[in-house]
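Student: I am new to this structure and would like a close look at one part of it. Could you take me through the sheet and what surrounds it?

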Amino acid sequence: GGGGGGGGGGDESDAEPRAASEDDSGVEDSGARAASDDEDFAAPKDGPSQRAKKRRTETTAAAARSPPRRAEPTFKTVTFRVADVNPHLACSLCEGYFRDAHTITECLHTFCKTCILTHLRTSREPTCPRCRGHLGPHPMTAVLRDRTLQSLVDKIFPEHEARDREQRLEIRRREEPVAPPAAAPPPPPPKA
């Protein structure tokens, strides 16, 4: 019975590719089965109903061995009240939405980058501003950028991201060194 794959006729999309063996001639198999793969399947002694039964059994076995087909990803629109997610997207220090979100790895509380850095620089003891958890002698190693949370804030409030981008560009423009005005040409030499 049933070794070698190949599907045995019928729907070619359910057929499993046949593994190459040592006696293959190098010619690619187009789905046709060689009699040596499964003698009793191709033998003329089988009647039409026996062949159909074997084909169904082999197709079912091949389907059981093959990995499940993945469905195309579907996108859904989710509606929610902003008030329900606000506490999870706002910095407890400045009470605004996260701007360059950074999370403390010890307690997983998140703050704006500027807010947490200012807090750590100005506080006597390096602790989390929310739970007062101690951050050790090197508190900056316990604070990491949280791209996922920032991305979520940016997707929910795209206008904030656009405004932040404009503000960053404005700051860069102000910080760019301004070329000194062109020097005035030297005065003409005195006439003698």
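Tutor: The accessible surface of the protein comes to about 15100 Å², and carbon and sulfur atoms hold 56% of that. Please keep in mind that this is a predicted model. Of the 192 residues in the protein, 22% are buried. The secondary structure consists of six helices and three strands, and along the sequence they follow the pattern α-α-α-β-β-α-β-α-α. Among contacts with a separation of 6 or more, 47% are between residues 24 or more positions apart.

Now to the sheet itself. Its three strands form an open sheet in the order E2-E1-E3, with antiparallel pairing. E2 and E3 are the edge strands, each pairing on one side only. On average, and ignoring direction, neighbouring strands here are turned by 35° against each other.

Let's start with E1 and E2. These two strands run antiparallel and are joined by three bridges. They form a hairpin with five residues between them, and Leu108 in the turn has a positive phi of about 65°. Within the pairing, His102 stands opposite Phe111 in E2. A helix joins the picture here too: H4 packs on the sheet and touches E1, E2 and E3, its direction making about 95° with that of E2.

What about the two faces of E1? In a regular strand, side chains alternate between the two faces of the sheet. Both faces of E1 are covered: Ala101 and Thr103 are buried on one side, and His102 and Ile104 are buried on the other.

Some of these residues return in the largest nonpolar core. That core has 17 residues, and those touching the most other members are Cys91, Phe98, Ile104, Phe111 and Ile116. Strand E1 (101–104), strand E2 (110–112), helix H4 (113–122) and helix H5 (147–156) each supply at least two of the core residues. H4 gives the largest share, with three residues. As a general background, nonpolar side chains tend to be buried together in soluble globular proteins.

Cys91 sits in the loop between H3 and E1. With a relative accessible area of 1%, Cys91 falls under the 20% limit and therefore counts as buried. Beyond its neighbours within four places in sequence, Cys91 is in contact with Gly96, Phe98, Phe111, Cys112 and Cys115. The C-alpha atoms of Cys91 and His109 are 9.3 Å apart, and these residues are separated by 18 residues along the chain.

Phe98 is the other one to look at. Setting aside neighbours within four places in sequence, its contacts include Leu89, Cys91, Phe111, Cys112, Leu149 and Val153.

The structure holds five salt bridges. In one of them, the side chains of Arg145 and Asp100 meet, with 3.3 Å from N to O. This pair links distant parts of the chain, since Arg145 lies in strand E3 (residues 143–145) and Asp100 in the loop between H3 and E1, 45 residues apart. Asp100 is partly exposed, with a relative accessible area of 28%.

Arg99 takes part in another salt bridge, with Asp164, where the closest N and O atoms are 2.5 Å apart. Here too the pair links distant parts of the chain: Arg99 is in the loop between helix H3 (82–89) and E1, while Asp164 is in helix H6 (residues 158–175), 65 residues away. What is the burial state of each partner? Arg99 is partly exposed at 40% relative accessibility, whereas Asp164 is buried with a relative accessible area of 13%.

Arg81 forms a salt bridge with Asp84, and their closest N and O atoms are 2.9 Å apart. Arg81 is exposed, with a relative accessible area of 56%, and Asp84 is partly exposed at 44%.

Key
Residues are numbered from 1 along each chain as its sequence is written. This is a predicted model: local features need pLDDT of at least 70, side-chain atom pairs count only at pLDDT 80 or more; totals for chains, interfaces and linings use all residues. Side-chain values use heavy atoms; hydrogens and water are left out. A nonpolar core is a set of buried Ala, Val, Leu, Ile, Met, Phe, Trp, Tyr and Cys residues joined through side-chain atoms within 4.5 Å. Buried means under 20% relative accessible area, exposed over 50%, partly exposed in between (1.4 Å probe, protein chains only). Helices (H or I, at least four residues) and strands (E, at least two) are DSSP runs, numbered from the N terminus. Contact means heavy atoms within 4.5 Å. Accessible areas come from the Shrake-Rupley method with a 1.4 Å probe; for residues, only the protein chains shown count as cover. A salt bridge is a side-chain nitrogen of Lys or Arg within 4 Å of a carboxyl oxygen of Asp or Glu. Two strands pair if DSSP finds at least two bridges between them. Axes are lines fitted to C-alpha atoms, for helices over the stretch in contact, and angles run from 0 to 180 degrees between N-to-C directions.
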